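Q: I would like to learn how to read packing features from a model. Can we work through one together?

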Amino acid sequence: MSVRKSQQIHIIRPDGRMRESVLSAIRHLINEIWNYRSHIRIIFKGRFRAAYSGTGLGIFWNYALPLVPLTVYWFLSVLRVFPNFEGVDGATFITFGVTLWFLFAGCIQIPMQVIQSRNKESMKTNFPLSASIVSEFARLLFDTMVRIILVSIIIVSTQSWPTAQGLMLPFMLLPALFLFTGIGVMLGILNVIYNDVSRVVNIILQYGIFVSGVIFPLYDIGILSAFNAINPFAIFIDASRSIVFQGVINNLQNYLVASCLAFIFFAASIRIFFVMEYRVRGIN
Amino acid sequence: MLMQLDTVLEVDHMSKLYSREQISTRQRLATTFTRALMGRPSRPPKKLKCGEFWSLGDISFTLKRGEALGVIGLNGAGKTTLLRILAGQLLPDKGEIRILGDAVAMIDLTAGFQMSASGSRNIHLRGAMLGRSKEDIEAMYDEILDFAELGDAINAPVSTYSSGMLMRLAFSIMVMAKPDVLLIDEILSVGDFAFRQKCLA
């Protein structure tokens, strides 16, 4: 016989969550996401279908739209607007970087958008914001997978073969995903307090793609070279690209420091999110 | 504080602060954010800022199992806010609430429905949202179907339902989930006359 949750005494206090530690906050959120996994699946499916419903070409759009920015850079590379960099074909260099850029930027933008747009609905339904964020991440994962397929096609067509060490890429990306999700969650909460935050972030991200070594390397450009030693986008994109195409990590020290800081920042931001989730409910 | 055996709900000196000015709400939020960053507990508000008022002030009461309590007040008196706090949708600013078991609020009945999913799927989703296990939901599934009287429409997407059908389904799920504390906010105008009589019964 299953024991009903209703045997417990629930205590609601103004600062109930303030007393929870980082580990307890992470455990709570993992449980929450696990308990709502059916909802996450259904919400993802619903939004996936909604993205193309009523269109003539149907599901084609869900595959085509994430590829548009990549095909622009591919086209420009074919026209020789971009030369080869670091021994890697221009098209491969750029599309690989742009794919990672959209993944990282999505990790920041999605939590911000969800916290801003769904906190009222979350109040009415008790549906946790964490589950809403995860359902949107599923969409980001889909878009990234579609882009990876195109990048693979470009790699084959340009014969810029990756090294065996490239298999480490998913593990190397983990700290980056933690960091940028942490940043997104923290900024999402801040955005409820100061509405300007999302606008500033959008501007920074629009400039960021050009000054983070995504489209061309920056080590020859004085001030940008110094800036990129502390720019997490540049550190993780450069490390990922170098492990895949050269088999070694450029600036290993920077990568390791950034990875350690990423985990610490993620843990801190998850606790802040956990503490503030009920506080931001219903505030537009 | 320990709850007595037959008590299901205890509200202890609970207050809720609201503001008519967005700026003071955000200022309070900024203070809480800073304290959370520093790992300090939040402090109950002492001095009211411009536009702030106590929507609920120093409320205490106890509810025993089987008891019903009605709250009467003018529009804007804070009835829905009270229910939202009891349902765990909002946090109080002072005081404490203890609930033995779970509280389900019938405030926004259809909120949280997945419109593209079928009525049947939504029963499972809403049941899970109310903290019920898969076995519990399966056990009460037929009861919900009988109560909602939706017939074959239960397998159609809820986006095709009329508002009356949607309300009936939502109400049936809530009632059949058999919560320990059921919070109802002016929604007993659900469905047609016969269904309304059934709800009241």
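Q: Which residues touch the most other members of the largest nonpolar core?

A: Some ground rules come before the answer. This is a predicted model, in which local features need pLDDT of at least 70, side-chain atom pairs count only at pLDDT 80 or more, and totals for chains, interfaces and linings use all residues. Residues are numbered from 1 along each chain as its sequence is written, chains are lettered from A and ligands numbered from 1 in the order in which they are written, and side-chain values use heavy atoms, without hydrogens and water.

A nonpolar core is a set of buried Ala, Val, Leu, Ile, Met, Phe, Trp, Tyr and Cys residues joined through side-chain atoms within 4.5 Å. Buried means under 20% relative accessible area, exposed over 50%, and partly exposed in between (1.4 Å probe, protein chains only). Here the core has 78 residues, and Trp101(A), Phe104(A), Phe180(A), Phe236(A) and Phe273(A) touch the most other members. Helix H5 (residues 90-125) of chain A gives the largest share, 16 residues.

Q: What does Trp101(A) touch?

A: Contact means heavy atoms within 4.5 Å. Leaving out residues up to four places away in sequence, Trp101(A) touches Leu205(A), Gly208(A), Ile209(A), Ser212(A), Val214(A), Phe233(A) and Ile237(A). Another core, of 25 residues, lies apart from the largest one; Ile137(B) and Phe195(B) are among its members.

Q: At what angle do H4(A) and H6(A) pack?

A: Helices are DSSP runs (H or I, at least four residues), numbered from the N terminus. Axes are lines fitted to C-alpha atoms over the stretch in contact, and angles run from 0 to 180 degrees between N-to-C directions. Helix H4 (residues 68-78) and helix H6 (residues 129-158) of chain A pack at about 20°, axes 10 Å apart. Therefore H4(A) is roughly parallel to H6(A). The cut-offs are under 35 degrees for roughly parallel, over 145 for roughly antiparallel, 65 to 115 for roughly perpendicular, and oblique for the rest. Leu70(A), Thr71(A) and Trp74(A) of H4(A) meet Arg147(A), Leu150(A), Val151(A) and Ile154(A) of H6(A).

Q: How do the axes of H3(B) and H4(B) cross?

A: In chain B, the axes of helix H3 (residues 119-129) and helix H4 (residues 134-148) come within 11 Å and cross at roughly 125°. So H3(B) is oblique to H4(B).

Q: Is Gly54(A) buried or exposed?

A: Gly54(A) is exposed, with a relative accessible area of 88%. Gly54(A) sits in the loop between helix H2 (37-50) and helix H3 (60-64) of chain A.

Methods. Helices (H or I, at least four residues) and strands (E, at least two) are DSSP runs, numbered from the N terminus.
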